Protein chains: 2
Amino acid sequence: MYKNQANQKGFVLWFTGLSQAGKTSVGNRVHQILKEKGLKLERLDGDIVRQSLSKDLGFSKKDRDENIRRITMVARLLSKNNIGVICSFISPYRKIRDMARRETNNFIEVFCNAPLGICEKRDKKGLYQKARRGEILNFTGVSDPYESPQTPEIELRTDQESIEESTNKIIKYLEENSFI
Amino acid sequence: MYKNQANQKGFVLWFTGLSQAGKTSVGNRVHQILKEKGLKLERLDGDIVRQSLSKDLGFSKKDRDENIRRITMVARLLSKNNIGVICSFISPYRKIRDMARRETNNFIEVFCNAPLGICEKRDKKGLYQKARRGEILNFTGVSDPYESPQTPEIELRTDQESIEESTNKIIKYLEENSFI
(Lines give C-alpha, C1' and ligand atoms only; values in the text may rest on other atoms or scores of the structure.)
Protein backbone atom coordinates (compact mmCIF):
# COMPACT_ATOMS: atom_id res chain seq x y z
CA MET A 1 0.00 0.00 0.00
CA TYR A 2 1.31 3.42 -0.88
CA LYS A 3 0.22 6.74 0.41
CA ASN A 4 -1.33 9.06 -2.09
CA GLN A 5 0.08 12.46 -2.94
CA ALA A 6 -2.02 14.28 -0.34
CA ASN A 7 -0.43 12.38 2.55
CA GLN A 8 3.10 12.53 1.24
CA LYS A 9 5.87 13.47 3.64
CA GLY A 10 8.77 15.50 2.36
CA PHE A 11 12.21 13.89 2.30
CA VAL A 12 15.66 14.37 0.83
CA LEU A 13 17.41 11.35 -0.70
CA TRP A 14 21.00 12.57 -0.72
CA PHE A 15 23.29 10.47 -2.94
CA THR A 16 26.97 11.00 -2.15
CA GLY A 17 30.01 9.26 -3.58
CA LEU A 18 32.84 9.43 -6.08
CA SER A 19 32.38 10.33 -9.71
CA GLN A 20 31.08 7.19 -11.50
CA ALA A 21 29.96 5.56 -8.23
CA GLY A 22 26.40 5.30 -9.55
CA LYS A 23 24.71 8.30 -7.90
CA THR A 24 22.85 9.45 -10.98
CA SER A 25 22.12 5.98 -12.37
CA VAL A 26 20.48 4.75 -9.17
CA GLY A 27 18.87 8.16 -8.56
CA ASN A 28 17.25 8.05 -12.00
CA ARG A 29 15.83 4.58 -11.41
CA VAL A 30 14.49 5.51 -7.96
CA HIS A 31 12.96 8.65 -9.44
CA GLN A 32 11.22 6.62 -12.15
CA ILE A 33 9.72 4.15 -9.66
CA LEU A 34 8.55 6.82 -7.22
CA LYS A 35 7.08 8.89 -10.06
CA GLU A 36 5.05 5.86 -11.15
CA LYS A 37 3.69 5.65 -7.60
CA GLY A 38 2.41 9.22 -7.97
CA LEU A 39 4.80 10.94 -5.60
CA LYS A 40 5.66 14.61 -5.96
CA LEU A 41 9.39 14.71 -6.68
CA GLU A 42 12.17 17.01 -7.77
CA ARG A 43 15.65 16.02 -8.92
CA LEU A 44 18.69 18.14 -8.13
CA ASP A 45 21.76 16.87 -9.91
CA GLY A 46 25.37 18.04 -10.05
CA ASP A 47 25.59 18.78 -13.75
CA ILE A 48 22.31 20.71 -13.91
CA VAL A 49 22.94 22.76 -10.78
CA ARG A 50 26.43 23.64 -11.96
CA GLN A 51 24.90 25.13 -15.10
CA SER A 52 22.24 27.16 -13.30
CA LEU A 53 22.32 27.94 -9.58
CA SER A 54 26.09 27.59 -9.22
CA LYS A 55 27.58 28.44 -12.56
CA ASP A 56 29.95 30.93 -10.90
CA LEU A 57 31.47 28.25 -8.65
CA GLY A 58 34.52 26.06 -9.11
CA PHE A 59 35.73 23.00 -7.19
CA SER A 60 37.78 24.41 -4.33
CA LYS A 61 36.56 23.37 -0.87
CA LYS A 62 35.06 26.85 -0.40
CA ASP A 63 33.17 26.70 -3.70
CA ARG A 64 32.01 23.13 -3.15
CA ASP A 65 30.66 24.09 0.26
CA GLU A 66 28.88 27.13 -1.18
CA ASN A 67 27.37 24.93 -3.90
CA ILE A 68 25.96 22.55 -1.27
CA ARG A 69 24.67 25.51 0.78
CA ARG A 70 22.64 26.78 -2.17
CA ILE A 71 21.33 23.33 -2.98
CA THR A 72 20.39 22.86 0.66
CA MET A 73 18.31 26.02 0.60
CA VAL A 74 16.34 24.67 -2.35
CA ALA A 75 16.03 21.16 -0.85
CA ARG A 76 14.86 22.70 2.44
CA LEU A 77 12.07 24.71 0.78
CA LEU A 78 10.92 21.67 -1.20
CA SER A 79 11.13 19.06 1.57
CA LYS A 80 9.26 21.22 4.09
CA ASN A 81 6.48 21.49 1.52
CA ASN A 82 6.11 17.71 1.41
CA ILE A 83 8.03 17.12 -1.77
CA GLY A 84 10.52 14.29 -2.20
CA VAL A 85 13.89 15.62 -3.36
CA ILE A 86 16.47 13.39 -5.03
CA CYS A 87 19.92 14.99 -4.81
CA SER A 88 22.99 13.54 -6.54
CA PHE A 89 26.22 15.32 -5.68
CA ILE A 90 29.73 14.07 -4.99
CA SER A 91 29.53 16.27 -1.84
CA PRO A 92 32.86 15.01 -0.49
CA TYR A 93 32.92 16.94 2.79
CA ARG A 94 31.21 15.46 5.84
CA LYS A 95 30.65 18.73 7.66
CA ILE A 96 28.64 20.35 4.88
CA ARG A 97 26.60 17.17 4.32
CA ASP A 98 25.74 17.30 8.02
CA MET A 99 24.66 20.91 7.55
CA ALA A 100 22.35 19.80 4.74
CA ARG A 101 21.01 17.12 7.10
CA ARG A 102 20.23 19.65 9.83
CA GLU A 103 18.61 22.18 7.49
CA THR A 104 16.24 19.88 5.60
CA ASN A 105 13.30 17.63 6.48
CA ASN A 106 13.93 13.87 6.62
CA PHE A 107 17.43 13.78 5.21
CA ILE A 108 18.35 10.31 4.02
CA GLU A 109 22.05 9.91 3.25
CA VAL A 110 22.70 7.34 0.51
CA PHE A 111 26.36 6.43 0.34
CA CYS A 112 27.24 5.14 -3.13
CA ASN A 113 30.25 3.12 -2.09
CA ALA A 114 32.55 1.76 -4.77
CA PRO A 115 36.35 1.59 -4.67
CA LEU A 116 38.19 4.32 -6.51
CA GLY A 117 39.74 1.75 -8.88
CA ILE A 118 36.31 0.58 -10.02
CA CYS A 119 35.01 4.13 -10.52
CA GLU A 120 38.14 4.96 -12.44
CA LYS A 121 37.69 1.96 -14.72
CA ARG A 122 34.11 3.01 -15.54
CA ASP A 123 35.26 6.58 -16.33
CA LYS A 124 32.80 7.04 -19.21
CA LYS A 125 33.57 10.73 -19.52
CA GLY A 126 37.35 10.35 -19.33
CA LEU A 127 37.44 12.64 -16.29
CA TYR A 128 39.73 10.46 -14.16
CA GLN A 129 42.21 10.28 -17.03
CA LYS A 130 42.22 14.06 -17.29
CA ALA A 131 42.61 14.36 -13.52
CA ARG A 132 45.55 11.92 -13.53
CA ARG A 133 47.17 13.99 -16.27
CA GLY A 134 46.64 17.14 -14.20
CA GLU A 135 44.25 18.63 -16.74
CA ILE A 136 41.49 18.80 -14.12
CA LEU A 137 42.41 20.04 -10.66
CA ASN A 138 40.56 19.42 -7.38
CA PHE A 139 39.24 16.09 -8.61
CA THR A 140 37.70 14.04 -5.81
CA GLY A 141 39.58 10.80 -5.19
CA VAL A 142 42.59 11.89 -7.23
CA SER A 143 43.66 15.35 -6.06
CA ASP A 144 40.89 16.11 -3.55
CA PRO A 145 39.68 14.09 -0.54
CA TYR A 146 36.43 12.17 -0.17
CA GLU A 147 35.17 11.88 3.39
CA SER A 148 32.97 8.76 3.55
CA PRO A 149 29.72 8.95 5.53
CA GLN A 150 30.14 7.32 8.94
CA THR A 151 26.50 6.46 9.59
CA PRO A 152 24.60 6.80 6.33
CA GLU A 153 20.97 5.74 6.36
CA ILE A 154 21.65 3.59 3.30
CA GLU A 155 24.88 2.18 1.93
CA LEU A 156 24.98 0.93 -1.63
CA ARG A 157 27.87 -1.28 -2.72
CA THR A 158 27.63 -0.24 -6.32
CA ASP A 159 30.66 -2.33 -7.26
CA GLN A 160 28.87 -5.51 -6.16
CA GLU A 161 25.16 -4.75 -6.64
CA SER A 162 23.18 -4.17 -9.82
CA ILE A 163 21.33 -0.86 -10.26
CA GLU A 164 18.14 -2.82 -9.58
CA GLU A 165 19.49 -4.23 -6.29
CA SER A 166 20.66 -0.81 -5.14
CA THR A 167 17.32 0.71 -6.09
CA ASN A 168 15.45 -1.96 -4.12
CA LYS A 169 17.43 -1.13 -0.98
CA ILE A 170 16.23 2.45 -1.22
CA ILE A 171 12.61 1.56 -1.95
CA LYS A 172 12.67 -0.83 1.01
CA TYR A 173 14.04 1.91 3.28
CA LEU A 174 11.35 4.34 2.15
CA GLU A 175 8.65 1.74 2.76
CA GLU A 176 9.93 0.73 6.18
CA ASN A 177 10.09 4.36 7.24
CA SER A 178 6.62 5.18 5.90
CA PHE A 179 7.71 7.61 3.21
CA ILE A 180 5.87 5.55 0.60
CA MET B 1 -15.28 29.83 -0.50
CA TYR B 2 -11.64 28.97 -0.52
CA LYS B 3 -9.96 25.95 -1.93
CA ASN B 4 -8.23 23.67 0.49
CA GLN B 5 -4.56 22.86 0.32
CA ALA B 6 -5.04 19.75 -1.77
CA ASN B 7 -6.55 21.76 -4.64
CA GLN B 8 -4.14 24.62 -4.45
CA LYS B 9 -2.62 25.93 -7.66
CA GLY B 10 0.94 27.19 -7.62
CA PHE B 11 1.55 30.87 -8.33
CA VAL B 12 4.23 33.52 -8.02
CA LEU B 13 3.27 36.92 -6.63
CA TRP B 14 6.19 39.03 -7.83
CA PHE B 15 6.44 42.41 -6.07
CA THR B 16 8.62 44.87 -7.96
CA GLY B 17 9.31 48.54 -7.22
CA LEU B 18 11.74 51.02 -5.70
CA SER B 19 13.26 50.62 -2.28
CA GLN B 20 10.63 51.72 0.28
CA ALA B 21 7.78 51.36 -2.23
CA GLY B 22 6.01 48.90 0.08
CA LYS B 23 6.95 45.55 -1.45
CA THR B 24 7.76 43.82 1.82
CA SER B 25 5.04 45.52 3.89
CA VAL B 26 2.25 44.52 1.51
CA GLY B 27 3.88 41.13 0.87
CA ASN B 28 3.93 40.40 4.62
CA ARG B 29 0.25 41.28 5.01
CA VAL B 30 -0.77 39.17 2.00
CA HIS B 31 1.32 36.29 3.36
CA GLN B 32 -0.43 36.54 6.73
CA ILE B 33 -3.92 36.46 5.21
CA LEU B 34 -3.18 33.59 2.83
CA LYS B 35 -1.50 31.60 5.61
CA GLU B 36 -4.66 31.96 7.72
CA LYS B 37 -6.62 30.50 4.79
CA GLY B 38 -4.39 27.41 4.95
CA LEU B 39 -2.44 27.94 1.75
CA LYS B 40 1.01 26.48 1.27
CA LEU B 41 3.31 29.46 0.85
CA GLU B 42 6.95 30.46 0.72
CA ARG B 43 8.41 33.95 0.92
CA LEU B 44 11.49 34.96 -1.01
CA ASP B 45 12.68 38.39 -0.03
CA GLY B 46 15.61 40.57 -1.13
CA ASP B 47 17.39 40.83 2.20
CA ILE B 48 17.17 37.13 3.02
CA VAL B 49 18.20 35.93 -0.44
CA ARG B 50 21.14 38.35 -0.47
CA GLN B 51 22.41 36.69 2.71
CA SER B 52 22.00 33.12 1.48
CA LEU B 53 21.56 32.18 -2.16
CA SER B 54 23.24 35.30 -3.55
CA LYS B 55 25.70 36.47 -0.97
CA ASP B 56 28.45 36.59 -3.59
CA LEU B 57 26.52 39.04 -5.77
CA GLY B 58 26.60 42.83 -5.90
CA PHE B 59 24.29 45.31 -7.59
CA SER B 60 25.67 45.68 -11.11
CA LYS B 61 23.17 44.84 -13.85
CA LYS B 62 24.95 41.52 -14.41
CA ASP B 63 24.78 40.60 -10.71
CA ARG B 64 21.17 41.74 -10.34
CA ASP B 65 20.20 39.60 -13.31
CA GLU B 66 22.05 36.59 -11.90
CA ASN B 67 20.28 37.12 -8.57
CA ILE B 68 16.88 37.05 -10.27
CA ARG B 69 17.91 33.97 -12.29
CA ARG B 70 18.67 32.02 -9.09
CA ILE B 71 15.47 33.17 -7.43
CA THR B 72 13.53 32.19 -10.52
CA MET B 73 14.91 28.67 -10.34
CA VAL B 74 13.64 28.35 -6.77
CA ALA B 75 10.27 29.98 -7.57
CA ARG B 76 9.88 27.66 -10.56
CA LEU B 77 10.42 24.50 -8.48
CA LEU B 78 7.99 25.70 -5.81
CA SER B 79 5.25 27.02 -8.10
CA LYS B 80 5.21 23.89 -10.26
CA ASN B 81 4.66 21.91 -7.06
CA ASN B 82 1.50 23.90 -6.28
CA ILE B 83 3.03 26.25 -3.75
CA GLY B 84 2.28 29.97 -3.66
CA VAL B 85 5.49 31.99 -3.74
CA ILE B 86 5.64 35.60 -2.57
CA CYS B 87 8.70 37.33 -4.03
CA SER B 88 9.74 40.86 -3.05
CA PHE B 89 12.63 42.21 -5.08
CA ILE B 90 13.36 45.63 -6.56
CA SER B 91 14.04 43.71 -9.81
CA PRO B 92 14.45 46.88 -11.84
CA TYR B 93 15.05 45.30 -15.26
CA ARG B 94 12.07 44.41 -17.42
CA LYS B 95 13.80 41.74 -19.48
CA ILE B 96 14.78 39.59 -16.51
CA ARG B 97 11.34 39.98 -14.91
CA ASP B 98 9.90 38.68 -18.17
CA MET B 99 12.30 35.73 -17.97
CA ALA B 100 10.97 34.98 -14.47
CA ARG B 101 7.44 35.17 -15.90
CA ARG B 102 8.23 32.67 -18.64
CA GLU B 103 10.01 30.21 -16.34
CA THR B 104 7.46 29.99 -13.52
CA ASN B 105 3.85 28.88 -13.16
CA ASN B 106 1.20 31.60 -12.88
CA PHE B 107 3.45 34.62 -12.57
CA ILE B 108 1.56 37.62 -11.19
CA GLU B 109 3.49 40.88 -11.46
CA VAL B 110 2.62 43.31 -8.68
CA PHE B 111 3.95 46.79 -9.44
CA CYS B 112 4.44 48.75 -6.21
CA ASN B 113 4.19 52.18 -7.75
CA ALA B 114 5.16 55.19 -5.66
CA PRO B 115 7.06 58.28 -6.84
CA LEU B 116 10.75 58.36 -6.05
CA GLY B 117 10.27 61.45 -3.85
CA ILE B 118 7.82 59.61 -1.60
CA CYS B 119 10.04 56.52 -1.30
CA GLU B 120 12.98 58.77 -0.53
CA LYS B 121 11.06 60.54 2.25
CA ARG B 122 10.20 57.18 3.88
CA ASP B 123 13.85 56.05 3.74
CA LYS B 124 13.73 54.25 7.09
CA LYS B 125 17.13 52.69 6.60
CA GLY B 126 18.84 55.89 5.38
CA LEU B 127 19.77 54.16 2.13
CA TYR B 128 18.68 56.96 -0.21
CA GLN B 129 20.74 59.45 1.80
CA LYS B 130 23.77 57.22 1.47
CA ALA B 131 23.11 56.81 -2.25
CA ARG B 132 22.80 60.58 -2.72
CA ARG B 133 26.12 61.04 -0.95
CA GLY B 134 27.68 58.43 -3.23
CA GLU B 135 28.30 56.01 -0.36
CA ILE B 136 26.16 53.36 -2.05
CA LEU B 137 26.60 52.87 -5.78
CA ASN B 138 24.15 51.29 -8.25
CA PHE B 139 21.18 52.42 -6.18
CA THR B 140 17.90 52.04 -8.07
CA GLY B 141 16.20 55.38 -8.70
CA VAL B 142 19.31 57.39 -7.80
CA SER B 143 22.23 55.99 -9.75
CA ASP B 144 20.59 52.99 -11.43
CA PRO B 145 17.48 52.83 -13.63
CA TYR B 146 14.08 51.36 -12.75
CA GLU B 147 12.12 50.04 -15.70
CA SER B 148 8.42 50.14 -14.74
CA PRO B 149 6.24 47.18 -15.68
CA GLN B 150 4.17 48.00 -18.76
CA THR B 151 1.33 45.55 -18.21
CA PRO B 152 1.53 44.29 -14.62
CA GLU B 153 -1.31 42.07 -13.45
CA ILE B 154 -1.73 44.34 -10.41
CA GLU B 155 -0.66 47.93 -9.86
CA LEU B 156 -0.54 49.27 -6.32
CA ARG B 157 -0.38 53.02 -5.77
CA THR B 158 1.37 52.73 -2.46
CA ASP B 159 1.66 56.49 -2.12
CA GLN B 160 -2.14 56.84 -2.15
CA GLU B 161 -3.41 53.53 -0.74
CA SER B 162 -3.11 52.07 2.73
CA ILE B 163 -1.39 48.70 3.16
CA GLU B 164 -4.85 47.24 3.74
CA GLU B 165 -6.20 48.68 0.47
CA SER B 166 -3.21 47.40 -1.49
CA THR B 167 -3.56 44.00 0.15
CA ASN B 168 -7.24 43.83 -0.75
CA LYS B 169 -6.44 44.46 -4.42
CA ILE B 170 -4.21 41.39 -4.40
CA ILE B 171 -6.65 39.17 -2.52
CA LYS B 172 -9.39 40.23 -4.97
CA TYR B 173 -7.16 39.34 -7.93
CA LEU B 174 -6.36 35.93 -6.45
CA GLU B 175 -10.07 35.26 -5.82
CA GLU B 176 -11.17 36.39 -9.29
CA ASN B 177 -8.54 34.20 -10.90
CA SER B 178 -9.38 31.16 -8.77
CA PHE B 179 -6.11 30.93 -6.90
CA ILE B 180 -7.94 31.11 -3.57
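In chain B, five strands make an open sheet in the order β2-β3-β1-β4-β5, with parallel pairing; two strands count as paired if DSSP finds at least two bridges between them. β2 (41–45) and β5 (154–157) of chain B stand at the edges with a single partner strand each, so one side of each lacks a neighbour in the sheet. From one strand to the next the twist averages 15°. Axes are lines fitted to C-alpha atoms, for helices over the stretch in contact, and angles run from 0 to 180 degrees between N-to-C directions. Helices (H or I, at least four residues) and strands (E, at least two) are DSSP runs, numbered from the N terminus.

The model is predicted: local features need pLDDT of at least 70, side-chain atom pairs count only at pLDDT 80 or more, and totals for chains, interfaces and linings use all residues. Residues are numbered from 1 along each chain as its sequence is written, while chains are lettered from A and ligands numbered from 1 in the order in which they are written.

Chain A also has an open sheet of five strands, in the order β2-β3-β1-β4-β5 with parallel pairing. Its edge strands are β2 (41–45) and β5 (154–157) of chain A, each of which pairs on one side only. The twist in this sheet averages 15° from one strand to the next. One strand pair from each chain is listed below.

| Strand pair | Sense | Bridges | Opposite residues |
|---|---|---|---|
| β4(B) and β5(B) | parallel | four | B:C112 and B:L156 |
| β2(A) and β3(A) | parallel | five | A:L44 and A:C87 |

Helices pack on the sheet of chain A. Helix α1 (residues 23–36) of chain A touches β1 (11–16), β2, β3, β4 (107–113) and β5 of chain A, and its direction makes about 165° with that of β3(A). Two residues are in contact if their C-beta atoms, placed from the backbone, lie within 7 Å. Helix α7 (residues 163–176) of chain A touches β1, β4 and β5 of chain A, at about 170° to the direction of β5(A).

In helix α4 (residues 94–103) of chain B, the residues B:I96, B:R97 and B:A100 are buried. A residue is buried if 20 or more other C-beta atoms lie within 10 Å of its own, exposed if 12 or fewer, and partly exposed in between, with C-beta atoms placed from the backbone. Seen down the axis of α4(B), the buried residues fall within an arc of 105°, so they line one face of the helix; the arc is that of the directions from the helix axis to the C-beta atoms. Their cover includes β1 (11–16), α3 (61–79) and β4 (107–113) of chain B. The face of α4(B) turned away from the buried side carries the exposed residues B:K95 and B:R102.

A:N138 is found in the loop between α6 (127–132) and β5 of chain A. A:N138 is partly exposed, with 15 other C-beta atoms within 10 Å. Leaving aside neighbours within four places in sequence, A:N138 is in contact with A:F59, A:S60, A:S143 and A:D144. The C-alpha atoms of A:N138 and A:S60 are separated by 6.5 Å, although the two residues are 78 residues apart along the chain.

Between the chains, 13 residues of chain A are in contact with 13 residues of chain B. Helix α3 (residues 61–79) of chain A gives the most to the side of chain A that touches chain B, with five residues.
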